[in-house]
Every structure is written in structure tokens, then in C-alpha cells.
Amino acid sequence: MGYGAAELGITAVEILLQVYLLKFYNVVVGLDEVYTGLALAIAIVWDAVSDPLMGALSDRTRSPRGRRRVYLIPGAIALAVSFALVYNPPAMDSQLYKFLYLLFSYLLVNTAMTVLGVPHMALGGDLTFDRDERTEVYGARLLFGTVGLLVGTVLPIAILSGLGSESAENIERSRNLASLYLAIPIVLTALLSYWSTAGHERPPAAADAVALKPGVFFRSLGSVLLNPYFLPLIIAFFIASVGRALNAAIALYYYEYRLELPESEVGLKVLLPFFGFIILSIPIWIWISKHFGKKWPAFVGIAGLGAMTFVSYPLFPAGDTTGPLIAALIGGLLGGALSLLDSLVADMVDYDELKTRQNREGLYFGAWRMGTKMARAFGILVTALALAAIGFDQAAPEQSDEAIFGLGVLFGPVVGSFFILGALIFTLMPLTDARHRRIQALLRRRGDRE
């Protein structure tokens with residue numbers, strides 16, 4: 001639980017960026033949606049490229065404070081400062097200046113997120129060799145991440161409710177204050193993870209001391225991405241993550257313009273129950289994985305989430321929260337299956353270690369986060385282009401029927417299709433539970449693990 005704590009601050013920042021940033025700069029700051037999407041996509045692509053580099057660096061770090069833990073505190077401080085910058089822009093009239101400010105500040109946020117997030121994620125794989133304990137470790141991480149989702153989503157809504165009306169000025173002020181208030185939990189949760197994992201991090205293997213030269217790095221990254229167990233998993237995860245990014249970016253547009261619901265009502269009656277049911281479902285999915293393995297339960301959860309999204313969201317009538325609430329409850333129960341995917345990455349590192357005698361959790365989880373960020377960049381860019389394609393006009397007080405219908409299609413069948421396709425590709429992943437137990441037995445016999 002102490003290890004998972006840092007994910008609260010990380011995920012709170014991520015959800016505030018995913019859900020609110022596009023609309024904040026598009027509608028409140030007044031930056032054209034294409035320029036907004038371009039700035040966000042460029043920054044996220046940089047973030048994606050830097051993830052495996054940071055992972056490889058943490059693999060090779062030698063420090064009395066651990067090779068992963070040493071990055072948690074400076075990463076958290078940098079994240080708190082840069083996050084405040086991105087949501088507190090100065091007054092600007094020029095579209096160019098707005099574009100450059102968003103690009104620069106978002107690059108800083110993503111760099112800080114990499115320094116904190118990649119070593120923290122890889123640290124979970126270093127804490128235990130037991131496959132079921134790994135599921136519990138990453139389940140704790142998802143639990144705190146879900147609390148972070150709740151905090152990042154509800155905090156600006158709560159501030160906005162306290163300010164009164166949902167005017168443009170109050171919306172801007174709520175985002176400004178939320179970014180400042182989150183600075184404390186970002187740093188404190190990272191400190192908690194740093195302190196609680198002291199003495200528990202697995203020391204690096206002798207073979208991990210290879211110098212981080214460009215040629216070595218790219219060869220290592222290539223071998224990770226071509227790992228026959230990892231490749232289908234990361235492709236499936238990328239596709240599903242595009243759907244998740246599209247879902248997060250379009251959510252406020254869908255609820256405000258398609259369902260005509262105020263932010264406060266959406267937060268309390270839809271998002272709060274959704275995150276609550278994810279938290280409740282995590283122990284259930286951990287129990288299921290212990291009795292039925294990780295692969296097929298994860299498939300059922302992701303495919304079911306996609307099918308529900310595909311069918312339900314275009315059908316909900318405006319002004320009614322009953323349908324979205326039921327969808328949120330079902331989606332929350334199915335969404336807990338995502339806790340199984342991170343532990344699967346750690347399991348695949350065992351296969352890599354059997355072949356290479358190196359412990360490369362950092363590089364694997366860096367590549368994993370790279371897939372997440374590339375998917376988010378693609379999803380945000382698709383969202384920006386889709387909003388323009390359906391005729392959405394941020395300056396108009398009311399949207400056209402075509403734009404409203406398009407929001408329903410984007411939030412339902414389009415997002416759901418990404419989840420379903422990702423789940424189908426996931427079935428090609430060949431790491432079965434029996435095969436993984438055999439790999440771990442060989443590692444124990446060789447003396448690499450206890």
C-alpha cells in the first residue's frame with residue numbers, strides 16, 4: 001500500500017490533463033482546437049520517447065537509496081511545479097503565444113511525469129518475485145490511481161461549485177486552484193512511497209551495469225519491443241489506450257453538449273460512482289486472477305467494457321443521469337481488470353531475465369508507458385480533428401444537431417471499438433499461467449531468484 005501511494009498524485013495530474021486540458025485551452029484560453037491538439041500531441045510524443053530512456057537509466061542507476069527510489073522525490077517536486085504552470089497561463093492575445101506556452105509548459109509536465117512515473121512503476125516489479133503478490137502490488141497501485149482519478153476529477157468540480165456559477169471565469173479559476181492544491185498530495189504521496197519501500201527494492205544484477213550508450217539503448221529497446229510475449233500485449237494495450245484517451249478527452253463535451261448535464265452533476269452522479277466501483281472491484285479481480293489466471297479474466301473485463309460502451313452511450317436521452325449511472329457502475333466493475341495488465345508486464349520481465357540474465361524492469365515499463373503516451377497523443381489528436389469534423393464550434397452557445405449526434409457516436413461506438421479490438425489482439429499474447437510458472441521455476445533453479 002505504501003508503494004502504491006505515489007500513484008495517487010501521478011494519476012490525479014494525468015486525469016486533470018486528460019479530461020480538462022484540451023477544453024481548458026480550447027474554450028477558456030481560446031486556443032484553436034487544432035493548435036491545442038497539436039501542442040498536446042507533440043508534448044506527449046516527447047514524453048513517450050523519454051519513457052524507455054528513463055527506464056533504462058533507472059536500470060543502470062547505482063545509489064545507496066536504490067536505483068528506482070532515488071528518482072521519486074525530485075520527480076514529484078518537478079511535477080508539482082510544472083503542473084501549476086500549465087494551468088496558470090498568463091494573459092495572452094496571440095494564438096502563437098498561447099500555442100508556445102501550452103507546448104512548453106506541457107513538455108515540462110510530461111518530463112517530470114516521466115522522471116517520477118517510470119521508476120515508480122518499475123519499482124513494483126522489484127518488490128516481489130511471487131506472481132500473486134505482484135498482482136496485489138499492482139492492484140494497490142491501481143487502487144491509489146483510482147483515488148487519484150477521483151481526486152483529479154472531482155476537485156475542480158468541487159471548487160467550481162464553491163465559486164458559484166459555471167461562467168468562463170469561474171471555470172478558469174477552478175482549474176487554477178486545483179493545480180495549486182494538488183502540489184501537496186503529489187509530493188506527500190511520493191514521500192510515502194519512498195519511505196515505505198526502503199530496504200525492499202531488489203538490487204541490480206551484475207549484467208545490468210552495461211553503459212547507457214545510444215547503440216546499446218536502441219538495441220535493448222528493440223529486443224524489448226520484439227519480445228514475443230510482450231509485443232502482442234503492448235499492441236493490444238496501445239489500441240485500448242487510444243480508446244481510453246479518446247474517452248477521457250471527449251467526456252466533458254459529451255456530458256455538457258450531448259446530455260446537457262452540468263459538471264457538478266456529472267461529477268457526483270456519474271464519475272464518483274464509476275471510480276468507487278473500480279476501487280471495489282480491484283480485490284475481486286485479484287481473487288479471480290489467483291484462481292483463473294490473468295490472461296482470460298483481463299480479456300473478459302476489457303472486451304466487456306468495450307461492448308457496454310459501444311452500445312449504451314448513444315442511446316442515453318438528454319438531461320437524464322440514470323443510464324450513465326448504470327453504465328458507470330458496470331464500467332467500474334469491468335475496469336478493475338486493468339490491474340492485471342501491469343503485473344503481466346512484470347511477469348514478462350522474468351522471461352527476458354531468463355534469456356539475458358539482466359533485470360530490465362525499467363526498460364520494459366518505460367516501453368509500456370511509451371505505448372500509453374503514444375496512444376494518448378494519438379487519441380487527443382484524433383479528438384481534436386474529430387471535433388472539427390463533426391462541426392463542433394467552441395464559440396457557439398449551442399451546437400448543431402450533427403455535432404451533438406457526432407459526440408454520441410465518438411463517445412460510444414468509436415471508443416468501444418478500440419476497447420474491443422484491443423481485447424481481441426490481447427488473446428494472441430502467448431504467456432499462459434503454466435508457462436510463466438515454468439519460467440519462474442527455471443530462474444529459481446538457476447539461482448537468479450529466490
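Here are some notes on this predicted model, for someone opening it for the first time.

1. The protein chain has an average pLDDT of 86, and 97% of its residues score at least 70. Helix α3 (residues 72–86) has the highest confidence, with a mean of 95, while helix α8 (residues 214–225) has the lowest, at 79.

2. Now the overall build. You'll be looking at helices: the protein chain has 16 of them and 0 strands. Along the principal axes, the C-alpha atoms fill a box of roughly 70 × 40 × 35 Å. A compact globule of 450 residues would have a radius of gyration near 22 Å, and the 21 Å of this chain agrees with that.

3. Next, the packing. Of the 450 residues in the protein chain, 59% are buried. Take the contacts between residues at least 6 apart in sequence: 85% of them join residues at least 24 apart.

4. The structure holds 5 cavities of 30 Å³ or more, and the largest cavity has about 1,100 Å³ of space in it. Its lining is made of 47 residues, with Ile15, Gln18, Leu149, Arg244 and Leu338 nearest the centre. Which helix gives the most to this lining? That is α9 (residues 230–258), with 9 residues. By type, the lining of the largest cavity splits into 28 nonpolar, 11 polar and 8 charged residues.

5. Helices α1 (6–28), α6 (168–181) and α9 each supply at least two lining residues, and α1 has the largest share, with 5. The lining of the largest pocket counts 12 nonpolar, 3 polar and 7 charged residues.

6. The second largest pocket has a volume of about 220 Å³. Its lining holds 16 residues, and Met1, Gly2, Tyr3, Val137 and Ala140 are nearest its centre. Two or more lining residues come from each of α5 (131–163) and α10 (263–292), with α5 giving the largest share, 5 residues. This lining divides into 9 nonpolar, 6 polar and 1 charged.

7. You'll find it in helix α16 (residues 433–446). Is glutamine 440 buried or exposed? Its relative accessibility is 3%, so glutamine 440 counts as buried. Leaving aside residues up to four places away in sequence, glutamine 440 touches Phe129, Arg131, Arg134 and Asp350.

8. Leucine 271 sits in helix α10. Its relative accessible area is 16%, and buried means under 20%, so leucine 271 is buried. Not counting residues up to four places away in sequence, leucine 271 touches Thr153 and Val266.

9. Last, two backbone details in loops. Most residues other than glycine have a negative phi. Glutamate 260, which is not a glycine, has a positive phi of about 60°. This glutamate is in the loop between α9 and α10, and at 55% relative accessibility it counts as exposed. Arginine 357 is not a glycine either, and its phi is positive at about 65°. Where is arginine 357? It lies in the loop between α13 (339–356) and α14 (361–389). With 46% relative accessibility, arginine 357 counts as partly exposed.

Methods
Residues are numbered from 1 along each chain as its sequence is written. This is a predicted model: local features need pLDDT of at least 70, side-chain atom pairs count only at pLDDT 80 or more; totals for chains, interfaces and linings use all residues. Side-chain values use heavy atoms; hydrogens and water are left out. On a 1 Å grid over the protein atoms alone, a cavity is a set of points where a 1.4 Å probe fits but cannot get out, and a pocket is an open set with protein on both sides within 12 Å along at least five of seven lines; lining residues have an atom within 4 Å of a point. Grid points are joined across faces, edges and corners, and a volume is the space filled by probe spheres set on the points. Helices (H or I, at least four residues) and strands (E, at least two) are DSSP runs, numbered from the N terminus. Ala, Val, Leu, Ile, Met, Phe, Trp, Tyr, Cys and Pro count as nonpolar, Asp, Glu, Lys and Arg as charged, and the others, Gly among them, as polar. pLDDT is the predictor's confidence in each residue, from 0 to 100. The radius of gyration is taken over C-alpha atoms; the globule rule is 2.2 Å times the number of residues to the power 0.38. Buried means under 20% relative accessible area, exposed over 50%, partly exposed in between (1.4 Å probe, protein chains only). Contact means heavy atoms within 4.5 Å.
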